[in-house]
Amino acid sequence: MTLRILRASEHHAEALRALHTLTFPGDSHEDYLTGWWWIVFDGWNPVAFAGMRHAHSEPDVIYFSRCGVLASHRGLGLQKKLLARRLALAKRLGVKACISTTIVMNTPSSNNLIRAGFRLYDPAEPWGHNETLYWRKELIVEKRAAHPGEVREHSP
Ligand SMILES: CC(C)(COP(=O)(O)OP(=O)(O)OC[C@H]1O[C@@H](n2cnc3c(N)ncnc32)[C@H](O)[C@@H]1OP(=O)(O)O)[C@@H](O)C(=O)NCCC(=O)NCCS
C-alpha cells in the first residue's frame, strides 16, 4: 500500500464528490472548488479526502469542513494526518482559530480533534442540529493585559 496525500485542484472535484458520496451517504455535497481540499491516493485510487474553508460564523477563522476515509483504509491514521495538514496551512494563513463540527456518536473524530488540541465550545449562534458538537483550536493567543483588580502573585 502506497499512500500519497495531495493538495487537491479543480481536476480532483469529481473524485472528491465520489469520496463524499461513499463516506457521507445521503449528506449534501460541499463546494469542492472553494477553500482548500486534500485527497489521498492508494496507488491510483482515491481513498480519503478532507477540506477547509473560511468560516461563515466569524471572521479570521478557518472551518474544517469534511474528512472522509473509505472503510478499507480506516485506522491507518489518515484522519490524523489530514488534520495535521489542515492545521499547518491554517497556521501559515495566520488566522486566529480553527473550528470544526462532529456529531456526538463520532468518537474517533472527537478523539483525533482532542489529540490535535481542539476543545469543545459553544458558538454564539449554533448552526448545527441537536447532536452537533462544536470544536475550536485557538492559533493566536492574545496576551491579556493585567487588570487592576486581578489577583497577582508576588514573590516575597
Ligand atoms: C471518522 C474517520 C474520518 C476516521 O478516519 P481514520 O483515518 O480511520 O482515523 P485515524 O486512523 O486517524 O484515527 C482513528 C482513531 O480512532 C480510534 N477509533 C476507531 N474506532 C473507534 C471507536 N469506535 N471508539 C473509539 N475510538 C475509535 C482508532 O483507534 C484511532 O485512534 P488511535 O490512533 O488512538 O488508535 C472515518 O472513520 C470516516 O471517514 N468515517 C465516515 C465519515 C465521518 O464520520 N467523517 C468525520 C466527520 S467529522
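User: What covers the buried residues of α2?

Analyst: The cover includes β2 (36-42), β3 (45-54), β4, β5 (97-103) and α3. Two residues are in contact if their C-beta atoms, placed from the backbone, lie within 7 Å. The structure is a predicted model, in which local features need pLDDT of at least 70, side-chain atom pairs count only at pLDDT 80 or more, and totals for chains, interfaces and linings use all residues. Residue numbers start from 1 along each chain as its sequence is written.

User: Which residues of α2 are called buried?

Analyst: They are Leu-78, Gln-79, Leu-82, Leu-83, Arg-86 and Ala-90. Buried stands for 20 or more other C-beta atoms within 10 Å of a residue's own, exposed for 12 or fewer, and partly exposed for anything in between, with C-beta atoms placed from the backbone. In the protein, 21% of the 156 residues count as buried.

User: What makes α2 a helix in this numbering, and why does its length agree with that?

Analyst: Helices are DSSP runs of H or I with at least four residues, strands are runs of E with at least two, and both are numbered from the N terminus.

User: How do you know where the buried residues of α2 lie around its axis?

Analyst: Leu-78, Gln-79, Leu-82, Leu-83, Arg-86 and Ala-90 are the buried ones. They cover an arc of only 135° around the axis, so they lie on the same side of α2. The arc is taken from the directions between the helix axis and the C-beta atoms. Ala-88 and Arg-92, on the other side, are exposed.

User: What makes a group of residues a nonpolar core, and which residues have the most contacts inside the largest one?

Analyst: A core is a set of buried Ala, Val, Leu, Ile, Met, Phe, Trp, Tyr and Cys residues joined through C-beta atoms within 7 Å. The largest has 17 residues, and those with the most contacts inside it are Leu-16, Trp-37, Trp-38, Ile-39, Ala-48, Phe-49 and Leu-82. At least two of its residues come from each of α1 (13-23), β2, β3, β4 and α2. Another core, of 5 residues, lies apart from it, with Met-52, Phe-64, Ala-90 and Cys-98 among them.

User: Which residues are closest to the ligand, and how do the shell residues divide by type?

Analyst: The ligand is surrounded by 19 residues, the closest being Arg-74, Leu-78, Gln-79, Lys-80 and Pro-108. Being near a molecule means having a C-beta atom, placed from the backbone, within 6 Å of it. The shell divides into 6 nonpolar, 11 polar and 2 charged residues. Ala, Val, Leu, Ile, Met, Phe, Trp, Tyr, Cys and Pro count as nonpolar, Asp, Glu, Lys and Arg as charged, and the others, Gly among them, as polar. With 5 residues, α3 gives the most to the shell.
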